[in-house]
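Student: I am new to this structure. Please walk me through it.

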Number of protein chains: 2
Amino acid sequence: MTSATEFPLSQPEMTFETSAGSLIRRTVLPNGLRILSEAMPASSSATLGFWVGVGSRDELAQDLSAGASGFGSTHFLEHLLFKGTPTRSALDIAIAFDSVGGEHNALTAKEYTCYYARVRDEDVSMATTVLADMIASSELDPEEFERERGVILEELAMREDDPGTAVWERFFEAVLGEHPLARAIGGTPDTINACTREAVLEHYRRNYRPEDVVISAAGAIDHDSLVADVSAALEAAGWDLSVRSEPVARRSLVAVETTRATDVFVEYRPIEQVHLLIGGAGIAMRDERWLVMSVLNSILGGGMSSRLFQEIREKRGLAYSVYSFSTSYSDTGVFGLGAACTPAKTREVADLMLAELRLLAEDGVTEEEMSRALGQLSGASALALEDSDARMSRLGRADLLVGEFLDLDATLARLSAVTAEDVRDLARDLAARPLTITAVGAIEENIFAGFGESPEGKN
Amino acid sequence: MTSATEFPLSQPEMTFETSAGSLIRRTVLPNGLRILSEAMPASSSATLGFWVGVGSRDELAQDLSAGASGFGSTHFLEHLLFKGTPTRSALDIAIAFDSVGGEHNALTAKEYTCYYARVRDEDVSMATTVLADMIASSELDPEEFERERGVILEELAMREDDPGTAVWERFFEAVLGEHPLARAIGGTPDTINACTREAVLEHYRRNYRPEDVVISAAGAIDHDSLVADVSAALEAAGWDLSVRSEPVARRSLVAVETTRATDVFVEYRPIEQVHLLIGGAGIAMRDERWLVMSVLNSILGGGMSSRLFQEIREKRGLAYSVYSFSTSYSDTGVFGLGAACTPAKTREVADLMLAELRLLAEDGVTEEEMSRALGQLSGASALALEDSDARMSRLGRADLLVGEFLDLDATLARLSAVTAEDVRDLARDLAARPLTITAVGAIEENIFAGFGESPEGKN
């Protein structure tokens with residue numbers, strides 16, 4: 001056993017103790033599939049995640065069946081994995097989790113897909129077996145395929161009706177342009193209508209490969225039992241655990257165009273509020289400034305004491321929701337400031353938001369803000385780890401997306417090294433990038449005329 | 001110490017052990033304020049809730065300042081409690097929680113208001129002190145009042161823009177008619193614009209009385225320290241803990257009109273999906289059938305294996321979201337079936353939903369469904385209790401709203417006594433009540449012509 005606070009996830013068999021005293025174990029099967037667990041002794045339940053390293057961005061690189069659309073096929077496939085295997089019908093899968101009161105769902109993202117469940121300790125083995133069967137031997141029955149198309153079209157319609165979701169999708173499209181990360185995860189009604197079972201099946205066979213699967217679990221977990229259950233279920237589903245297949249270069253990383261001028265995109269909708277996002281290209285996942293970005297976000301828009309909340313909601317009462325955010329991927333990221341407000345206040349809110357970003361870039365942050373941000377991030381991280389969901393997710397992301405595991409103390413040590421200058425430098429970098437403003441609501445594009453042109457961001 | 005599984009919350013000082021082995025303590029201060037805690041030994045954080053027994057339904061009975069609107073004043077007051085006391089500014093309150101990474105928010109409901117926080121163990125005393133100060137000595141500063149009016153109007157606009165929220169508010173109005181529970185919690189833009197500081201201050205003084213306050217906490221909690229912290233903070237804020245004030249009859253319970261014919265309410269909106277609710281008056285909180293209702297909901301629309309999910313989503317692909325629900329208050333409740341789908345499918349979905357309710361009323365449920373529902377409810381209840389939020393909430397609700405505490409084993413014992421006949425009888429009762437159908441989306445009322453007239457609910 002190695003007692004470590006930070007660890008490259010490089011060895012097939014690893015055991016290490018976190019600063020919180022929990023034990024993490026990692027096993028890599030001969031076929032490349034990774035299994036990680038974090039035992040939480042006081043827990044009487046567990047969360048399991050089956051992570052597959054394929055997301056909507058990977059749809060572009062596919063050589064799909066003639067004429068079929070690939071956009072949205074990752075999410076379509078995720079739905080179909082609940083629809084049955086040779087030994088379990090869709091109803092069997094639903095009953096397996098419902099009858100024990102388990103939570104059971106899946107998430108398709110731009111760079112991964114995750115199937116997860118939270119169950120009591122006595123149901124962990126069942127949950128492992130069912131999830132493994134779904135991942136390895138789903139049938140993609142043609143009738144189920146057609147019915148599920150209707151369900152997915154409803155899901156897209158629901159997302160489209162939510163202005164907060166719509167503005168987010170428009171913003172990514174506007175900031176990332178031709179980059180494959182720009183596209184909405186679920187596809188569009190057109191691509192879903194054009195999607196064929198053959199295309200989704202091809203996507204499944206090509207991308208659900210053992211070496212791209214990470215299984216992570218936290219809570220009342222016995223690692224050896226987990227490995228045994230996963231192995232037995234995958235072999236029963238027809239996977240050969242002994243042979244590693246040839247690596248496939250699936251994802252092409254793409255540079256993001258960051259030399260455009262300020263760009264405005266407005267979608268008119270006859271609704272009460274305008275949903276507004278201002279921002280641009282951010283930082284990639286392994287950018288060494290990721291913790292600087294966390295501190296920046298905490299100070300700028302991370303809580304009720306943050307600058308945006310204080311200036312826009314507390315001092316002026318202009319919005320109910322106002323925040324900043326940053327999201328990162330393999331090769332790029334997106335950062336921004338967001339708010340929702342009535343149409344008449346939109347320009348003022350946009351100007352104030354930009355002014356706060358520029359102020360941060362020009363004058364930096366105070367030591368009091370630095371210390372508050374450190375307290376906020378360390379407290380929130382500690383609170384999150386009370387929860388087996390958060391620990392399962394931390395493990396899965398570390399191995400699938402980052403390649404390195406940091407426990408709480410290691411994260412805090414790195415956080416403490418972030419300086420006020422680091423934050424100001426990052427703010428300068430971000431504020432100097434081409435900015436995009438995206439809005440959905442009852443306004444016209446011309447309300448943003450001259451936006452950002454005066455140095456203070458106020459006109 | 002009494003080892004008990006179910007307990008009337010009637011004694012000023014009580015200690016009892018739950019079936020999960022945790023210890024619950026209850027203290028009633030001489031002024032009537034109740035303090036309950038559940039210690040979870042393995043936890044290093046805690047959730048605190050300050051519950052006040054006043055909600056939006058109580059606004060009707062008020063004798064407000066001349067000409068001022070009372071509707072929405074409970075929620076308005078909740079916002080103002082974050083705005084400062086004689087010893088803490090709004091920013092101080094925000095910083096207190098942000099600087100330790102705590103979660104900190106409040107919820108206004110129809111029969112209560114709850115202020116809560118989740119913090120690490122070392123921050124429990126701070127959180128208790130700040131929440132007690134907010135409850136007992138908020139200033140309702142006139143300038144803060146005016147600014148917050150703008151924030152609340154934005155919050156109402158956000159809710160109005162969400163069709164899923166809007167249909168819910170319309171449904172309550174349609175089912176409950178003139179009952180004070182029918183009104184939306186936040187009021188309307190008109191009532192918020194008409195609301196005065198004097199009216200909200202009067203509401204605060206009248207209703208935030210020690211005997212209507214329950215403080216509940218779960219996690220890393222020491223009961224004696226909690227009682228000491230609460231007492232010290234409330235005395236510092238000027239509350240007299242030694243004297244019990246005269247009881248005030250605040251809430252008038254009202255019978256619900258259940259003899260109307262089937263009623264249809266449609267709000268046209270040019271959006272993709274129609275949000276649909278079908279149901280009627282349900283059961284009150286202390287109705288002995290509350291666990292029968294839980295079983296009924298589990299079978300009818302509580303999970304992926306439920307009848308509604310199987311019939312409407314799995315077999316026909318007509319909707320992404322479909323479910324049933326029941327919500328209960330002191331004197332009545334509301335039950336219903338909900339879905340969202342594209343306009344062309346709306347009538348079919350509505351007919352299918354009603355057919356499932358009628359089928360349940362006519363043919364009852366199978367033993368397999370009963371056993372699955374029992375498994376689902378017991379598993380989900382056990383999972384929820386891993387979480388200090390859920391335990392805090394269970395304690396607060398038990399004391400403020402129900403007057404009796406049931407631990408997991410006691411709940412399961414009562415659940416096991418529910419029979420298939422109980423479920424069918426309740427379904428018959430519900431199906432025989434006047435039904436209301438409410439929809440928000442791009443349809444006209446006439447698509448529901450003849451709805452529910454044929455005995456099968458299909459035309």
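Student: Which residues does L131(A) touch, not counting residues up to four places away in sequence?

Tutor: Two residues are in contact if their C-beta atoms, placed from the backbone, lie within 7 Å. By that rule, L131(A) touches L48(A), F50(A), Y115(A) and A117(A). This is a predicted model: local features need pLDDT of at least 70, side-chain atom pairs count only at pLDDT 80 or more, and totals for chains, interfaces and linings use all residues. Residues are numbered from 1 along each chain as its sequence is written, and chains are lettered from A in the order in which they are written.

Student: How many residues does the largest nonpolar core have?

Tutor: A nonpolar core joins buried Ala, Val, Leu, Ile, Met, Phe, Trp, Tyr and Cys residues through C-beta atoms within 7 Å. Buried means that 20 or more other C-beta atoms lie within 10 Å of a residue's own. The largest core here has 125 residues. L131(A), V349(B) and M353(B) have the most contacts inside it. Helix 3 (residues 124-137) of chain A gives the largest share of this core, 8 residues. Helices are DSSP runs of H or I, at least four residues, numbered from the N terminus.

Student: How many residues does each chain bring to the contact?

Tutor: Chain A brings 52 residues, and chain B brings 52 residues. On the side of chain B that touches chain A, helix 4 of chain B gives the most, with 10 residues.

Conventions:
Helix = DSSP H or I, 4+ residues; strand = E, 2+ residues; numbered from the N terminus. Buried ≥ 20, exposed ≤ 12 C-beta atoms within 10 Å, placed from the backbone.
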